[in-house]
Amino acid sequence: MTSVMINLFLVSLMVVIAVMVVRTHRLFAVIVMSGAYSLISAAMFVNLDAVDVAFTEAAVGAGISTVLLLAAMARLPAEEKPLKTNVIGPLAVVAIVGALLVTAVVDLPAFGSADAPAHTHVAPRYLAESDAKLHIPNVVTTVLASYRGFDTLGETIVIFAAGLGVLLLLAGKTKTQLPDYSKPKTARSATRPKASSSPKKTRQSSAKKKKAAMKGSSS
Amino acid sequence: MLDLIASHWNYLIVVVLMLIGLYIVMSRQNLVKKLVGLSIFQTALFLFYITLGRIDGGTAPIINPDVDYVYSNPLPHVLILTAIVVGVATTALGLALTLRINDAFGSIEEDEILAAKAEDGLIEEKKS
Amino acid sequence: MMSSNPVFRVTTKILFAPIIVYGLYVQFHGDFGPGGGFQAGVIIAAAFILYGLVFGMVALRKLAPPRIVALFMAIGVMIYGGVGVVSLLNGGNYLDYNALDHHDPAHGQHLGILLVELGVGVTVTSVMMVLFFAFAGYGDPKAEDDGGQG
Amino acid sequence: MIMTNIPGLIVVVPLLSAVIVALMPSGGVAWVLTLLATIATFALTVINATTGDGATVSYALGGWPPPWGIEFISDGASRLMALIISFLSVASTLYANVLIKKEIHEKDQARVYGAWLLTIGGLLGLVMTGDAFNLFVFLEISSLASVTLVAMGAGVDRRALIAGYNYLVIGAIGATFYVIGVGFCYAVTGTLNMADLAVRLPGATAAPVFVGLAFMVAGIMVKAAAFPVHMWLPAAYGYAPSAVSSLLAAIATKASIYVLARVVFTIFGGLPDVTDLLLNWVILPLSVMAMFAGTILAIYEHDLKKLLAQSSIAQIGYITLAFAIGTTSSISAGFIHMANHAMIKGGLFMAVGALMVTIGKRVTMSSIEGLGRAMPWTCSAMLVCGLSLIGLPLTAGFISKIYLVLATLDAGMNVITGLILLSSALSVLYLWKIVEVMWMRPYKGKALAENILIYGPLWLVAIANIVFGIYAKPIVDLADAAARAITGGAL
């Protein structure tokens, strides 16, 4: 019963935070809230017996993701602009997805039932063999590195791909080309456009307009 | 009805979290907030899988041969470990793109970027 | 990005080594308790990131040159993939750790799991550090001239 | 040793070479290694397709038997797809050398080739794997790598960045949907192995299975750029570096469509009532809409790269349409068109890329005026691929159209036949416009030099279009085997 109460408390917190993320416009606050959301979900994972997942979520979701977001925020506008577009489309999609999910979810085996198909087909072998045959008590490690080792290789490559991509994008030498092919390549804006109150008049776009005007007059 | 909620409440709340995350990604214009929404969506997905793997009265799947415990299903845990890493990889790449976009367009709001994009198209037409 | 607060500086100096030791514990104790390559990688990277936040990026680049870190990103994957290649050469399927030790398959499994977890740990540590270098050094001309490129 | 491990090596070779290539000090060395890796992969897929008795081979990774471990499946369908992907990646890599040099900074080239190989390896993994969750991992490898490649187009046009961002986020939503679907199927069956799922799903609780199917299909349709969730594709292919456009246009969406077929026909093969419902009432109408939406948008498009991308949406519509009809002959026609369209679009994007680097600006209807005279080699190869696109006799495109039309007639869907012919006729419009501007008008600019390193690989693809238009038997046979394999001989 206590476990259920703790669960209820944690998920309610998560829902509250998620709703607050929707409504908050200060991005710093949004990022801190998403870190908190991750951390609470990690607590939730502990409560659901997934200690390895909790460990990773706390380190990766709450730790690294938040650090990266904050580091990026140092160079990004701090405030989200008020929404100008219509939200009916997204709401409709969300409603359809929600209806589908609820119909499926209520027909799943009850939460926590031991005889659900998920627990009776493939998983028992892992639990039976890991310690007895391979002498590794942590079944998650055995499944991760051996039974489904290829998934983990793939995931290491995913991480590598992300590292490669970020290096190419942020530390690479291929600079952004502004829209004029006849001019020599523009260096990545030495003067970064500030998050000014009138964003449409940033330095680059005005420079671009000038260029366009010059082009127009010369031809 | 009440029985159903009592036995499936965890799933239902996971669905709510997923929907909020999905709504943020789809409706917001701000590129950073979209990424945060995506990670809320994905974290809800993680919770869905872990909920699947949970067994009442179970314990974490670290075997203790001396005691006769019921262990939770380790397979969803493994899958989600993979998914968490994929999630952070996506966030990192998305953020890197956001930084570059901010430098190139002077904004991280989708509508303003689209306006600048349309302007690029006009310049091209003028040239040709 | 640098802190002149002595409390931070001293605490970081004291914490740096224990965090790494803890990371190594998590890395190699994954067979028995929660932990493994991912968690360890993130923890070890966190130690370096903390160092960079407090002592500045220049000091961190000296401690862990970005070029070398980017190299380790690939080395980790190659350790993992290499274990698979070795099991191929030993006549097993790709990533079949039983083939690593024909006399005692359980030992082969241990060895395989240890090595691939190490590969994961190396890649995760170095990618996390690369990400931090890239994000913290972005737009900083000094970082681009020297090792920011990796 | 190599022979028994081929299904695994097809995926492992490009992925592990990618890691090494990314470390190379110069772009030239990286390119040579990339080429060698793709050629080795191609050789492996050829051996994989030609040896053996055509039976399904299961390769257990880690030596763990399925469903406990992950298995790779080498059957008619995955053999054909691996062959297509690896052939076009060799051609694209050959072609990439000069273009990457022009569009990417020297210091970045090795890493770009690393991402290039990761994309190829990820797509090959996508078609080889027999495990529903493992598929997600490959989906992400290929998508993260290709997003990076698309965004590198910023060196030519800043709009590549926003194209890359949208590709990433929309793709991530698609992938998450797919994983939700897999989760439902796992919850009611307890397995992740595709073949095992196929056996256990018919007996499982109905609602989660249906919703699982819906989510998996929706997620993959996003990745395959099927109408109406195609919005990321025109920008991504339009602004990517030219070499990358040709690689992705040739193989990326094809692999996803193949996955769609795998999910519907293999994983859910035991539930024909449900999948028929999905195919007839969802995928079929959407495919028809895609055929017309893509073609009409292409007619009004001035930018050639985007025009080709719009036309890809229509062509993806043809393929999904063929799958939606669901007879063995139509699925086989779908595979034929997949192979041929990979060659057609790969060639066309190569040609446009060649024009773009030569004239030094975006290729639009006005900038190609009279280029047929100034760049005869490139433009004539483009003409060949273009004729193949509209399905002129003696080209590969003709073969696909014939088999598609025959399959629809066989299935008694005369209306659909008419629509296919109508949409093909419409596609003549945009092609004719290009031909007219390119060949019939005088050239006014200065003389342009063509580079054999660029038009050589382009002609390789163009000739393949002609060869398989005249001697279509190999592709038709492989496609028949693929159709039979993917439906498990159920039809």
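The loop between α4 (66-89) and α5 (105-137) of chain C holds C:L95, a residue that has a positive phi of about 70° although it is not a glycine. C:L95 is buried, with 31 other C-beta atoms within 10 Å, where buried means 20 or more other C-beta atoms within 10 Å of a residue's own, C-beta atoms being placed from the backbone. The model is predicted, and local features need pLDDT of at least 70, side-chain atom pairs count only at pLDDT 80 or more, and totals for chains, interfaces and linings use all residues. Residues are numbered from 1 along each chain as its sequence is written, while chains are lettered from A and ligands numbered from 1 in the order in which they are written.

**Loops of chain D**

- D:A225, in the loop between α8 and α9 of chain D, also has a positive phi, near 60°, without being a glycine, and D:A225 is buried, with 27 other C-beta atoms within 10 Å.
- D:P228 lies in the loop between α8 (206-224) and α9 (233-239), and the peptide bond from D:F227 to D:P228 is cis, with omega near 0°.

**Chain A and its contact with chain B**

- Chain A has nine helices and zero strands, helices being DSSP runs of H or I with at least four residues and strands runs of E with at least two, numbered from the N terminus.
- Chain A is touched by chain B through 83 residues of chain B and 95 residues of chain A, a contact requiring C-beta atoms, placed from the backbone, within 7 Å.
- On the chain B side, α3(B) gives the most, with 24 residues.

Definitions and conventions:
Contact = placed C-beta atoms within 7 Å. Buried ≥ 20, exposed ≤ 12 C-beta atoms within 10 Å, placed from the backbone.
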